[in-house]
Number of protein chains: 2
Amino acid sequence: MSATIYSTFGRLLTMRRGSARRATIQDVAQAAGVSPSAVSKVLRAAYGVSPEMRARVNDAIEQLGYRPHTGARAMRGRSFTIGVMLTELSSPFQPEVVDGISAELDSSPFQAILTVGGALAEGQKRGIEALVDRQVDGLVLIAPFVSQSWLEKLTASVPTVVVARHGGGDNYDSVVDDDYEGARLMVDHLAALGHRRIVHLTHPSGGLKRPFVLSQTARCDGYVKAMERNGLEPDVIETHWSEDGGYRAAVEALGRSTRPTAIFGGADIAALGALRAAEELGYRVPEDLSIVGYDNIYVSTIGRISLTTVDQSGHLTGATSARLLLERIAGRTRPVHYVVAPRLLPRSTSAAAAADTATRRRSTSPR
Amino acid sequence: MSATIYSTFGRLLTMRRGSARRATIQDVAQAAGVSPSAVSKVLRAAYGVSPEMRARVNDAIEQLGYRPHTGARAMRGRSFTIGVMLTELSSPFQPEVVDGISAELDSSPFQAILTVGGALAEGQKRGIEALVDRQVDGLVLIAPFVSQSWLEKLTASVPTVVVARHGGGDNYDSVVDDDYEGARLMVDHLAALGHRRIVHLTHPSGGLKRPFVLSQTARCDGYVKAMERNGLEPDVIETHWSEDGGYRAAVEALGRSTRPTAIFGGADIAALGALRAAEELGYRVPEDLSIVGYDNIYVSTIGRISLTTVDQSGHLTGATSARLLLERIAGRTRPVHYVVAPRLLPRSTSAAAAADTATRRRSTSPR
DNA sequence: CGAGTTGTGTGCAACGTTCTACACAAGGAT
DNA sequence: ATCCTTGTGTAGAACGTTGCACACAACTCG
């Protein structure tokens, strides 16, 4: 942000000081008949406080409804705030991670605040910097797209846990699903059902270089390797992990002369789009075509959908991240890279592959 | 939070000062060969700055990668931060509102930070207070459950916009969907299709008293009134607006001796649960039973679901909230209560009511 | 009884901004 | 020349915390 952007509004904020002034540590000190330093000591549970003084001070705090001013604290080095940057709220996985973080932080003095960075590295940097400007004591970054060098530089100065990004790093901890393994589970599941032409839908890698990759690349790599181990030819379509992206990719795949018998959406949301495409084109799922996803988002569990998918517990991921971050804030420097094991959930959108000749369109439309 | 909770961790944070010190306004001043006051002036676009000085200062800012310290600014009265409290990330409506807020704030110097308050008033207060502690310049509260008196007291000292809460208030602006009207639209739609026994699923009101109610109560009131105007008898089941809550309520409704011909979930997510119940119990939707929702969440648009619902644009709601908040921060005190018009979206889960005798169970289960 | 030791409380200088009050220079009008 | 403006820059006191350095009292020990 150049200086000018601040100015536009700067002059408008003409200080409408809240009528009832907020109690400060001074007020508490006066009420309790002690010095501000003494109150600070009580607040910090520092050494050198008699039981009677503690009681008097706590009474005063209670009575005045005193709450510490985070900004002032931040100027002295810590804000008791954990910053969480996520890339999108609409995907259901990230909110689950946030839930896990909140739950874990609940019994600590730290508060989580979030910013939404969006799908582009630029916006994500903005979101992260906004948190750093607010002097957060630690950072959780969910699926960040930023370059490895930027990340290393950032994490050299602020304790950080990175979620859903492979490759690890020297300065930060990470919590990541074993996407390679998850993709393998799914490919093996389909192969066991007799599928030979399995298309995989992937998402742009964002220019990250291996091994510092996000889920999409890891899942794609895992898919390719698993296909080869099964003696099958990999077939990847790059699209966007959105309902529409999945739809378009599926239309393309199903328009080919030799059609796939299974579509493996790299994310549930893309699989849902593929599902819509299949229905519109008159294919029955799973009789004519299997469609599977990854993430086990909430929608996938609903009766009408019942999507075969891979589960990675968002809640566990979040709770683990928070725990690691607290450790790191407390002084640990040796990096920890935690891997969450994925779990295959076979449901009703995958079934045995149709005999090759049977892969045909129905003439009547479904439902 | 009592003082003790801070102490647990306090001593652990033993100041691992980031190696490379962050550039301050002093550093910039030195680099540019001017006083700190001068730099501050440039930053604020205040009067009394020559073009040459501005240029020199901006160069120095650029070169040092200087970013203002929000905490220090907050101590002087403003933090350029907008606090957003939302109650849950999992429901798709609230994230959409956040998107709208972010979009509107993008061209302002303000940054949005979020906290997640959860479904209970207690947690929401915590979330709001955490934001106030961080000296936000303004607050957006999404569907807050807190008492009206608490809300009035809070908003007396900090500019606030409340989303999705009816009744308005003197100290704050609000943006709210016309839930009464939306419920009427839906009831009329069903009545026009010949439905006479329409069950409505509602969510606990949280002890709020009219007119200061959240969406659930307004929708329920709108439903009751619309039913009566159509000469029909209202039939409300209180449950939770979740997939499971909708499921259980639907099982109850369908277990009665005289079954409803339509279920109006107060929220899409509850309607989805009802949909699952109907399918499991062997009812065809919409042939045997119409099921409709409210919110037009993303999932409802997906082919397999295609739920009849009422749309309230979350994005518009968010953008409007942010705009109102900026106005309020800029000095407006007269409250504005903005009402968003709902829109009926008939899709494939509603159809003409079956003849009374035809409301029977199929013996074969679907799919 | 003086020298330590321990326990309990205070004084004060930061931390990074903002903004009022002021200083100084250059020019314009009398 | 003197007095006003006007334009441009700086000094310095806040803002609310923290935590080091100290002071003072009451013991303990030789």
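**The nonpolar core and beyond**

Guide: The largest nonpolar core has 177 residues, and those with the most contacts inside it are A:Ala274 and B:Ala274. Please keep in mind, as we go, that this is a predicted model.

Let us stay for a moment with A:Ala274. If we leave aside its neighbours within four places in sequence, A:Ala274 is in contact with A:Gly246, A:Tyr247, A:Ala249 and A:Ala250, and also with A:Ile263, A:Gly265 and A:Ile291.

From here we can turn to a pair of helices in chain A. Helix 3 of chain A covers residues 36–44 and helix 4 of chain A covers residues 51–64, and their axes come within 10 Å and cross at roughly 95°. Because angles of 65 to 115 degrees count as roughly perpendicular, helix 3 of chain A is described as roughly perpendicular to helix 4 of chain A. On the side of helix 3 of chain A, the residues that meet the other helix are A:Ala38, A:Val39 and A:Val42, while helix 4 of chain A brings A:Met53, A:Arg54, A:Val57 and A:Asn58. Sorted by class, this contact has 5 nonpolar residues, 1 polar residue and 1 charged residue.

B:Phe80, in the loop between helix 5 (70–75) and strand 1 (81–86) of chain B, has a phi near 55°, which is a positive value in a residue other than glycine. B:Phe80 counts as buried, because it has 22 C-beta neighbours inside 10 Å, and 20 or more are needed for that label. B:Gln135 also has a phi near 55°, again a positive value in a residue other than glycine, and its place is in the loop between helix 7 (121–133) and strand 3 (138–142) of chain B. With 24 C-beta neighbours inside 10 Å, B:Gln135 counts as buried too.

A cis peptide bond joins B:Arg210 and B:Pro211, with omega about 0°, and B:Pro211 lies in the loop between strand 6 (198–202) and helix 10 (215–229) of chain B. The peptide bond from B:Val285 to B:Pro286 is likewise cis, with omega near 10°, and B:Pro286 is found in the loop between helix 12 (268–280) and strand 9 (290–292) of chain B.

How values were computed: Residues are numbered from 1 along each chain as its sequence is written. Chains are lettered from A and ligands numbered from 1 in the order in which they are written. This is a predicted model: local features need pLDDT of at least 70, side-chain atom pairs count only at pLDDT 80 or more; totals for chains, interfaces and linings use all residues. Axes are lines fitted to C-alpha atoms, for helices over the stretch in contact, and angles run from 0 to 180 degrees between N-to-C directions. Helices (H or I, at least four residues) and strands (E, at least two) are DSSP runs, numbered from the N terminus. Angles under 35 degrees count as roughly parallel, over 145 as roughly antiparallel, 65 to 115 as roughly perpendicular and the rest as oblique. Two residues are in contact if their C-beta atoms, placed from the backbone, lie within 7 Å. Ala, Val, Leu, Ile, Met, Phe, Trp, Tyr, Cys and Pro count as nonpolar, Asp, Glu, Lys and Arg as charged, and the others, Gly among them, as polar. A residue is buried if 20 or more other C-beta atoms lie within 10 Å of its own, exposed if 12 or fewer, and partly exposed in between; C-beta atoms are placed from the backbone. A nonpolar core is a set of buried Ala, Val, Leu, Ile, Met, Phe, Trp, Tyr and Cys residues joined through C-beta atoms within 7 Å.
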